[in-house]
Amino acid sequence: MAIAASFGLDRLVPGGTFGPGWVRYLGDALVVVGLGLMALALVEFLRGRTSFIPRRVPSAFLRSGIYRVTRNPIYLGDALVLAGVILHLDVPLALILVPIFAAFISHRFIRGEERGLIEAFGDEARDWMDRVGRWL
């Protein structure tokens, strides 16, 4: 939806651009990094034989691999892909959607998922959350 909103903002407020052509390549790099984070998370889900579907009760507690760096690599990857697409499309005004997306995801999904981890894994989950940042 946020990517579609980027297109909409470009149509509503045309003319604003980043300027330098290298910004497009930076956007492409962010998309690749974002997709890579999602792939690394998927590998950990497969290793742990647990569901990656939000709000399902986890059957394993993931804290290795990419989960040593970020508690939410898939959502972080989503945010990076969004930022990358916005840069690639050259729609500076749409960058406001990235923190809005992050706030929405935190409120709608992450907080509940964290509560579920604490319910399922107790102090082990709390300790991990104290050591590893929600985004980075």
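At 0% relative accessibility, Ala125 counts as buried; the label applies under 20% relative accessible area, while exposed means over 50% and partly exposed lies in between, with a 1.4 Å probe and protein chains only. Ala125 sits in helix α5, residues 123-131. Helices here are DSSP runs of H or I with at least four residues, strands are runs of E with at least two, and both are numbered from the N terminus. Leaving aside neighbours within four places in sequence, Ala125 is in contact with Phe61, Leu117 and Ile118. Contact means heavy atoms within 4.5 Å. The C-alpha atoms of Ala125 and Leu62 are separated by 9.5 Å, although the two are 63 residues apart along the chain.

This is a predicted model, in which local features need pLDDT of at least 70 and side-chain atom pairs count only at pLDDT 80 or more, while totals for chains, interfaces and linings use all residues. Residues are numbered from 1 along each chain as its sequence is written, and side-chain values use heavy atoms, with hydrogens and water left out.

Now the whole chain. Its secondary structure comes to 5 helices and 0 strands. From the N terminus on, the order is α-α-α-α-α. The C-alpha atoms fill a box of roughly 50 × 25 × 25 Å, taken along the principal axes. Of the 136 residues, 34% count as buried. Among contacts with a separation of 6 or more, 74% come from residues 24 or more positions apart.

Take helix α2 next. It spans residues 22-48, which is 27 residues. From first C-alpha to last it reaches 39 Å, close to the 39 Å expected at 1.5 Å a residue; the expected span is 1.5 Å times one less than the number of residues. The buried residues of α2 are Val23, Gly27, Gly34, Leu37, Ala41, Glu44 and Phe45. An α-helix has 3.6 residues a turn, so residues three or four places apart point the same way. What covers the buried residues of α2 includes α3, residues 73-89.

Most residues other than glycine have a negative phi. Arg49 lies in the loop between α2 and α3. It is exposed, with a relative accessible area of 73%. Asp90 has a phi near 65°, again a positive value in a residue other than glycine. Asp90 is placed in the loop between α3 and α4. It is partly exposed, at 24% relative accessible area.

Glu114 is found in α4, residues 97-121. Glu114 is buried, with a relative accessible area of 12%. Its side chain makes a polar contact with the side chain of Arg71, at 2.6 Å. A polar contact is a pair of N or O atoms within 3.5 Å; within protein, one must be able to donate a hydrogen and the other to accept it, and residues adjacent in sequence count only if both atoms are side-chain atoms. Beyond its neighbours within four places in sequence, Glu114 is in contact with Arg71, Asn72, Met129 and Arg134.

Then the pockets. A pocket is an open set of points on a 1 Å grid over the protein atoms alone, where a 1.4 Å probe fits, with protein on both sides within 12 Å along at least five of seven lines; lining residues have an atom within 4 Å of a point. Grid points are joined across faces, edges and corners, and a volume is the space filled by probe spheres set on the points.

The largest pocket has a volume of about 570 Å³. Of its 27 lining residues, the closest to the centre are Phe45, Ser51, Pro58, Glu113 and Leu117. The elements giving two or more residues to this lining are α3 and α4. The largest share, 7 residues, comes from α4. By class, the lining has 16 nonpolar, 5 polar and 6 charged residues. Ala, Val, Leu, Ile, Met, Phe, Trp, Tyr, Cys and Pro count as nonpolar, Asp, Glu, Lys and Arg as charged, and the others, Gly among them, as polar.

The second largest pocket has a volume of about 240 Å³. Its lining includes Met1, Met38, Asp78 and Phe104. At least two lining residues each come from α1 (2-12), α3 and α4. With 4 residues, α4 gives the most. This lining has 10 nonpolar, no polar and 1 charged residues.
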